[in-house]
Amino acid sequence: MSAPPMAPYAAEDRTGPGILFDIERVNVVLERRTILSSVSLAIKRGQVLGLIGHNGSGKSTLIRLLARQSRPTAGSIHFLNRTLDAWGHRDFARQVAYLPQLPPAAGGLLGRELVALGRFPWHGALGRFTLDDHRHVEDALAMTDTAIFADRAVDTLSGGERQRVWLAMLMAQNASVLLLDEPTSALDLAHQVDVLTLVQRLARERGLTIIVVLHEINMAARFCDRLVALRAGRIIEDDTPQRLMRSVTLERVFGLPMGIISHPEGGHPIAYVR
Amino acid sequence: MKDVRTHNGAAPSGKGPTLLLTALLFASALVLTLWSLSVQLPIRQWPDALGGSDPDIASIVWREGALPRLAVSWLAGLALGVAGALFQQVLRNPLAEPSTLGVSAGAQLALVVGTLLAPNLMNPWGREVTAFAGAALALLLVLSLVRARLLATTTLVLAGLIVTFYAGSLSSLLVIFNHDYLQTIFIWGSGSLVQNGWDNVLYLLPSIAGIIGLIALMHRSLALLDLGEEAARGLGLHVGRMRLLGLVLATILASLTVSAVGVVGFVGLAAPALVRQTGIRRFSARLVWSAIVGCVLLWLSDQIVQAAFGSARELVPTGAMTALLGGPLLIYLMHRLKTVDINLTNAASTAQSYRVYGRPLLWLASFLLVLLLIALLVGRDSSGWHWASSGQIETLLPWRWPRVTAALAAGLMLGVTGALLQRLTGNPMASPEVLGLSSGVAIGIVVLLTLPIVPSRPAQLGAGALGGCLAMLLLLLLGRRSDLAPEQMLLGGVAIGTAMSALTSIAMASGDPRMSGLLTWLAGSTWSVDPQTALLAIIAGVVGTVGALGMCRWLDILPLGPATAQTLGLPLVRARLLLVALAALLTATATLLVGPLSFVGLMAPHMARFLGGRLAWRHLCMAGLLGAAIMVAADWLGRMILFPYEIPAGLVATLIGTPYLLWLLRQR
């Protein structure tokens, strides 16, 4: 199954140039419970977009839709002007990589072996593992500073180290879009900053588009270009961090009285619970 | 480990419907009974027959056969219902009951052994003591296996069901060697309610009444266990002592029924489950209702068996029938369990593999070669052990090579299939035997035997593969909601296995001459293999292995879970279906050669992991070689251990494999 040749975005692009994901009035209903209702969103190339909101607001569901892990009950999602369903398995995997909330146990695989699995969309079930594939694996290890874990069993690494190896696998996949579902949820503060800095750097250096679910509003504000806030399955805010970090807005998002102070160094806004 | 809150947590689906259902069951049992009693003896003769003044043979059969059978079904059902409710209360486990805890199977095995060793002691009391000893030993074994995780719902039952399998294999080994002597034990062992007199009733009635009286005295203390261990202790209850007493009483009830009517499974599971559905909360009420419902359930099952099999009603064991219904029930109850006890996957996959220096594949291959030489050349006769001399080789080889080749091929296929399934499900405890794939194959083959078709090899293979595929797809569908949670899948597989053994019991008991070879085949003998079959088997094995290796990229990715597989662009549905089909075909071929229960498919891939089989292709190759080695060794041992008698290779492998499985469980 080879990808039909295709311009990144065609001339008849109806949503304007640079739009990767075009989400239109998407609903998700599970067991008669509405998880997402009438969500519309356009995601541009090169953005680092943070999805925020409290538990059960639908942010994980939304990112799983984009990753084709589940399907919307109603509405449509286009990726590069084609509906998600129209993409072949491997074609889509060459474009979009997804890191689930809890990366599964790696079954004793070594770091390099796990990262090499990221090449599957390129070589397929029977294709040869070429020199080019090897190069991508080594590149991915170098880029994420995980070469030291290449010969260690992934399951024996600490949470932050493991997360970085998984990111390396996503790098080896060489997709232009990364979907990260709470990549920092299991990490301590130092590792959170570590991983998010890495994500931000990768986005800049390789021109990647990154959509990331984050729990912690201050982390999200610091590392994202754009924040989309969900509440009860609806998008209630969609703005830059600077404009979204206001106490009135945050109260609406989290349902808690929140205040803003500015960071003593650098002056960017910091949210706190009043 | 999460606490089990589901015990009382099953949402009461309304008192009305369940009570209605019970009443309906009761009414149909009553109608069926009256009908069948009146068929056996016209109603106008009943008073005479009851008075014993009617010398007619029909009325004697009615009085001494039909009526006591009715009474025994009431008593046994009642005892089982109470035993189930008590086990569930004491262990705080909604899946516990005599047959899921291994208690019944233990009692049965003890009785088989007792009948062989000391037949003269087998009066009612001797039987009861023997049965209780076996039951208690089995329960002790199961409880010691799960020690710290007594309250881990599914683990406990898993251990119990495996002990049941093991005891069952041992029993069938004994039956094979003492066929003439023990053939009736096979029928009785699967829970036959046939009576020829009132002795059983007169013996059961006071014993059961006594035990239930004791339980009634304890019901307040037992009810406190509902609060959980700590709260109960806080209220001054001696929890440990209470548990022990409860277990002993429930075990006595279970062993009483086993010694009287054999293993009748799942009544003790179904009755309390039905009662819970009504939302009855108080323990004493649950106990009483479980007794009543258990009584009605067994009564109805027995009446259905009698009505359905008419003249063969003496031969078809009712226990097999309840087990057949029990499998699906177990799956259903498990499905409703909301807690998943522990994550087996993580526990096993973080286990360090040993570093093997050099080329492990080469080592394994040479090891297999040595084993092959031994299997082909070393033998035993009346004067001792011999290497075959060059002159003997020519005469011996034509006898030995087909079966050795068949064992090799079967082991290879099972090993590869096991590795494949472990990767497909991401579950280190998966194997064709444990997941019910082998059982599905066996069901397919047994069903084929009952059809009016000549059971040629290709037909058997087709039927087996179809059965295996269906079993596997059923399991994948069931597991979808829990994302293929390991323990749920294992239990589902064991439930399919239970249905299989029930079906074979019925088939065996039916007396159909076509079933005669069934027991030998189920035990997994290679002696009948002819050269042509052996060649075909090895070809199938090699082709299947190559096919599996062709999918090894998928198999590398699949253990990482469906989400990762999908995001890497793996065609999940197609890959799963293809792999399931291949696994079913391989298992069907292997099962035709060595029977459904060998556990080679569990052991070999597991050892292969220890030896460093991380990546799929190496894992598959090593598992295949190890499987072949185990099976060749088992075949040879089976020929040698009890020379001149022969133990089927599959049975030898089971006897080695089950302790390995239990040890694995204990490791967690």
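At roughly what angle do the axes of helix 12 of chain B and helix 13 of chain B cross? The tour comes to that pair at its third stop.

The model is predicted, so local features need pLDDT of at least 70 and side-chain atom pairs count only at pLDDT 80 or more, while totals for chains, interfaces and linings use all residues. Residues are numbered from 1 along each chain as its sequence is written, and chains are lettered from A and ligands numbered from 1 in the order in which they are written.

**Stop 1**

Strands (E, at least two residues) and helices (H or I, at least four) are DSSP runs, numbered from the N terminus, and two strands pair if DSSP finds at least two bridges between them. Axes are lines fitted to C-alpha atoms, for helices over the stretch in contact, and angles run from 0 to 180 degrees between N-to-C directions.

Zoom to strand 9 (residues 226–231) of chain A, which runs antiparallel to strand 10 of chain A and is joined to it by five bridges. There, L230(A) stands opposite I235(A) of strand 10.

**Stop 2: a hairpin in chain A**

Select residues 258–262 and 269–273 of chain A: these are strands 11 and 12, paired in the antiparallel sense over five bridges. G259(A) has Y272(A) as its bridge partner. Six residues lie between the two strands of this hairpin, and G266(A) in the turn has a positive phi of about 95°.

**Stop 3: two helices of chain B**

Move to helix 12 (residues 267–277) and helix 13 (residues 283–309) of chain B, whose axes come within 8 Å and cross at roughly 125°. The two helices are therefore oblique to each other (under 35 degrees counts as roughly parallel, over 145 as roughly antiparallel, 65 to 115 as roughly perpendicular and the rest as oblique). Residues in contact have C-beta atoms, placed from the backbone, within 7 Å. Among those making this contact are A271(B) and L274(B) of helix 12 and W289(B) and L297(B) of helix 13.

How values were computed. Two residues are in contact if their C-beta atoms, placed from the backbone, lie within 7 Å.
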